[in-house]
Amino acid sequence: MTKSIIKGIGHYVPENVVTNDDLSKLMTTNVEWITERTGIKERRHRKNRNDSEETTAYLGFKASQKALEMAQLNAKNIDYIIFATLSPDYYFPGCGVLLQEMLGCDTIGALDVRNQCSGFVYAMSVANAFIKSNTYKNILVVGAEIHSFGLDFSDQGRGVSVIFGDGAGAVVLSAADEATSGDILSVNMHSEGKYADELCTKFPGSKFGWSDRMRAEPENVTDAEVYPIMNGNFVFKHAVTRFPETMTEALNKAGKTMEDLDMFIPHQANLRIAQFVQQKMGLPEEKIFNNIQKYGNTTAASIPIALSEAIQQGKIKRGDLVLLSAFGSGFTWGSVLFEY
Ligand code: UT7
């Protein structure tokens, strides 16, 4: 049976640091509120919010270069791309093809995944299936976001805009034989579309008469349609229920227990959510990795950025059992359990 191993990983974030204090100059908020409610101290925003160079695909490209370097592979060795993002460069085509061109890959398949905060977990699950079925050998799995161009920095949007940040992470998932250590042991993915409106951005969407309305009656297009909206409390309550479910499912499927786990990397949505889940699952401090304090919530990019940093810092070593879990807009949630 072919194994799926993480051969390379890397992350990239824009240089520009935006502190909570910086945000308090744009809207009525304060350092205490943001820190206490979310754990976030700073996040990255590209320097110029309306830049057309430092795009989502570009961040994905920078992270991919690092992942390829670690894997000791080049772009021609990659035979498939899976790109998870909710903030693509274009409405269409997706970022996968842009990355294929930036890297100089052959005319390989490039799939875009639109599952928001769960995007990277979904993308890894798909990549694993392609590897296990011997369809592809080296798949580039990317999670990248530029949120800063599309947030409402007025008081009206403060409950959402203080949370999100820009960044990217990438993994080279490769086929390996039985003798190689490491493998993806189980995956699960879930959705509950009845809650789509609880966390969404409506424009551009076929439900809202997008281009006709933008051109003919821009004054009637509301902020709630253009900017992301989130029913924060509602999302929070569902997150703290679904996280433990998907974690337990991932472990059970692989015949493992929480005690077997060496590291848990939750999607970095809110430090309070991560701490609640940690407590509920009885995980000691050294078995969870959080970096939301530095980057905010980077949706599809948050897990690969955290995984990359945890590996860089020596907190995950080859042979360790690692669990990645996410919950977010859709609602969608899921996990990937793997031996590194
Ligand atoms: O990654 C995708 C999944 N997303 C999540 O998992 C996010 C889940 N939700 C959350 O993380 C939290 O609900 C938030 C951090 C978004 C909000 O925290 P909360 O404790 O649920 O606050 P709240 O929305 O209940 O708001 C409490 C108060 C309100 O004022 P009143 O009505 O009590 O007077 C808000 O207007 O805090 C106010 N508020 C703010 N005050 C200062 C909301 N945003 C801010 C702000 N600064 N930035």
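Predicted model: local features only at pLDDT ≥ 70, side-chain atom pairs only at ≥ 80, totals over all residues.
Q: Ligand first. Which residues come nearest?
A: Thr-29, Arg-37, Cys-117, Asn-270 and Asn-297, out of 21 residues around the ligand. A residue is near if one of its heavy atoms lies within 4 Å of the molecule.

Q: What does the side chain of Arg-37 sit 2.8 Å from?
A: One of its N or O atoms is 2.8 Å from an oxygen atom of the ligand. A polar contact here is a pair of N or O atoms within 3.5 Å.

Q: And which atoms of Asn-233 and Gly-232 are involved?
A: For Asn-233, a polar side-chain atom lies 2.9 Å from a ligand oxygen. For Gly-232, a polar backbone atom is 3.0 Å from a ligand nitrogen.

Q: Helices now. At what angle do H3 and H4 pack?
A: About 55 degrees, with the axes 9 Å apart; H3 covers residues 56-71 and H4 covers 95-103. Axes are lines fitted to C-alpha atoms over the stretch in contact, and angles run from 0 to 180 degrees between N-to-C directions. Helices are DSSP runs (H or I, at least four residues) and strands are too (E, at least two), numbered from the N terminus.

Q: What does that make the pair?
A: H3 and H4 are therefore oblique to each other. Angles under 35 degrees count as roughly parallel, over 145 as roughly antiparallel, 65 to 115 as roughly perpendicular and the rest as oblique.

Q: How about H9 and H10, what angle do they cross at?
A: Roughly 45 degrees, with the axes of H9 (residues 232-253) and H10 (residues 271-280) coming within 10 Å. That makes H9 oblique to H10.

Q: Which residues meet there?
A: Among them are Phe-236, Phe-243 and Met-247 in H9, and Arg-272, Phe-276 and Lys-280 in H10. Contact means heavy atoms within 4.5 Å.

Q: Backbone check. Where are the cis peptide bonds you have?
A: One runs from Phe-92 to Pro-93, with omega near 0 degrees. Another joins Gly-330 and Phe-331, with omega about -10 degrees. Pro-93 is in the loop between strand E4 (80-84) and H4.

Q: What is the phi of Gln-72?
A: Positive, about 55 degrees, although Gln-72 is not a glycine. Gln-72 lies in the loop between H3 and E4.

Key. Residues numbered from 1 in each chain as written. Heavy atoms only, no water. Polar contact = N/O pair within 3.5 Å; in protein donor to acceptor, adjacent residues only side chain to side chain.
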